[in-house]
Amino acid sequence: MGINGEGIAYIDQKPVFVEGVYPHEEAEVEITEKHDTYMKGQVKKITWWSKERVRTDYPYMIEEGAPLFAMKYPNQLAHKKQLLEEALWKYAKVRSSFVRDMHGSEITLGYRSQCKLPVQESHGRIMTGMYVPGTNHWHPIKYSLIQDPDLERARKQILHFIDHSDLHAYNPKEEKGLRYLVIRAIDGNIQTTLITGKDKVHKELIEDIMSIKGMSALFQSVNTDKKTIQIFGSEVHKLAGEDTQPVKLGEITLHLSPRSFFQLNVRAAQKMYEMAVSKIDECNTLVEAYCGVGAMSLMASHKAAHVYGIENVPEAIKNAQLNAQENGIENTDFLCMDAAEGLNKISSFEQVDCLLVDPPRSGMDEAMIQAIEKAAPKKIIYISCNPATLGRNLKDLKHSYHVVSVIPFDLFPHTPHVESITVLERG
């Protein structure tokens, strides 16, 4: 299985990547692309089915980025662990014996707490959908088995109300209309943002959406930029309801603004965060880089005399500061800075005992690696969502640190993505 969940076969030792075929299956395949080092193929007929496959007629596996939907869940976990092990050996020569057992998700359906869906109009009706990966082909999605049931219910009701309003799908020439629908539903509490052109959302539509069971807030963000890949515009305005959305993680309560990043699988994320915090030794100074809204900084506040969180998104830092205040945690400071810049600043006046990092899929850049070498923390807890970039970073860190353990977590059932916690010690 490839890193994107595709099957890999070989012709004259050259790999052929085929979407929709699992390991141990045989299929009739048409070669669609030929390159110097690899080829791509399209499955025409599966002639030998794997025992790992389950019967399903779910039509949106590819659009929702869930190519493993038709694979038994224990087998998904086994393949993901193997992908992690292969990446760590390929890039950093970390042996598979350091990789612990996979922690699976308690729920495999209805776990996604947020959607950011492009909108189009079809036969006079507003519809949400997704783009087929690697293309600009929009495909309507009538229902989702992966999204939270409260989110799905709200999505359908919102579309119904919009259909009976004067709001249409986005027209780039007029710079008006609904461009994206963003909904987050956690524990029955629903927050919605309409990404529009230069539209005024009428009072009747606001009242209709706010009447939906569990709806706590409605926001609007204007985005008319034709070239951007960003969903939100430069500003977000509240139309009705609460300023932030609460989410309970163990003993702490977080407050999320519409643009604040938070893990989609909330309960699995909580277990991963708890595991990461358990690996932190009691110390004087703990630093969390890429801290987001401060979840792990606050969860780990009892482990250190002082905790510093670093994040370059101003809105997330405001959330983190509010979260510390609301939870009565006084030994935290949150800095709105680049990760490397923030770590350099803190290490210039304090010895960093433990560093907690949760970088984006691109991993840590060279400046951050250099900042870590300079700060020289005794211990690093590295949360990764990309085995390849984790492997590259570990290769650089292995000059001064050794890997103690790698603990994989599945936060995204039916997708090829795997999260992991790597514990490193200096020397």
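This is a predicted model: local features need pLDDT of at least 70, side-chain atom pairs count only at pLDDT 80 or more; totals for chains, interfaces and linings use all residues.

Residues are numbered from 1 along each chain as its sequence is written, and side-chain values use heavy atoms, with hydrogens and water left out.

**Stop 1: two loops**

Select Asp 12, in the loop that links strand E1 (7–11) to strand E2 (14–19). Helices (H or I, at least four residues) and strands (E, at least two) are DSSP runs, numbered from the N terminus. Check the backbone here: phi of Asp 12 is near 50°, a positive value in a residue other than glycine. With 76% relative accessibility, Asp 12 counts as exposed. For this tour, buried means under 20% relative accessible area, exposed over 50%, and partly exposed in between (1.4 Å probe, protein chains only).

Now hop to His 24, in the loop between E2 and strand E3 (26–34). His 24 is not glycine either, and its phi is positive, near 75°. Its relative accessible area is 62%, so His 24 is exposed.

**Stop 2: Tyr 73, then the rest of H1**

Next, pick Tyr 73 in helix H1. Is Tyr 73 buried or exposed? It counts as buried, at 18% relative accessibility. Setting aside residues up to four places away in sequence, Tyr 73 touches Gly 104, Ser 105, Thr 108, Asp 410 and Pro 413. Contact means heavy atoms within 4.5 Å. If you want a distance to draw, the C-alpha atoms of Tyr 73 and Val 54 are separated by 9.6 Å, and the two residues are 19 apart along the chain.

Axes are lines fitted to C-alpha atoms, for helices over the stretch in contact, and angles run from 0 to 180 degrees between N-to-C directions. Show side chains to see Leu 83, Leu 84, Ala 87, Leu 88, Tyr 91 and Ala 92 of H1 meeting Pro 387, Ala 388, Leu 390, Gly 391, Arg 392, Leu 394 and Lys 395 of H9. Colour that contact by type and you get 10 nonpolar, 1 polar and 2 charged residues. Here Ala, Val, Leu, Ile, Met, Phe, Trp, Tyr, Cys and Pro count as nonpolar, Asp, Glu, Lys and Arg as charged, and the others, Gly among them, as polar.

**Stop 3: helix H3**

Go to H3 (residues 203–210) and highlight Leu 205, Ile 206 and Ile 209, which are buried. They sit on the same side of H3, because they cover an arc of only 100° around the axis. That arc is the one spanned by the directions from the helix axis to the C-beta atoms. What do the buried residues of H3 pack against? Their partners are helix H2 (149–163), strand E9 (189–196), E10 and strand E11 (237–241).

**Stop 4: Ser 216**

Stay around for Ser 216, in strand E10 (residues 215–222). Ser 216 counts as buried at 13% relative accessibility. Beyond neighbours within four places in sequence, Ser 216 is in contact with Asn 189, Ile 190, Gln 191, Met 210, Ala 240, Gly 241 and Glu 242.

**Stop 5: H7 and H8**

Select helix H7 (residues 339–347) and helix H8 (residues 366–375), whose axes come within 8 Å and cross at roughly 15°. H7 and H8 are therefore roughly parallel to each other (angles under 35 degrees count as roughly parallel, over 145 as roughly antiparallel, 65 to 115 as roughly perpendicular and the rest as oblique). In H7, Ala 339, Ala 340, Leu 343, Asn 344 and Ser 347 meet Ala 367, Met 368, Ala 371, Ile 372, Lys 374 and Ala 375 in H8. By type, that contact holds 8 nonpolar, 2 polar and 1 charged.

**Last stop: Glu 419**

Finish at Glu 419 in strand E20 (residues 419–426). Glu 419 is buried, with a relative accessible area of 3%. Leaving aside neighbours within four places in sequence, its contacts include Gln 263, Met 272, Cys 385 and Phe 412.
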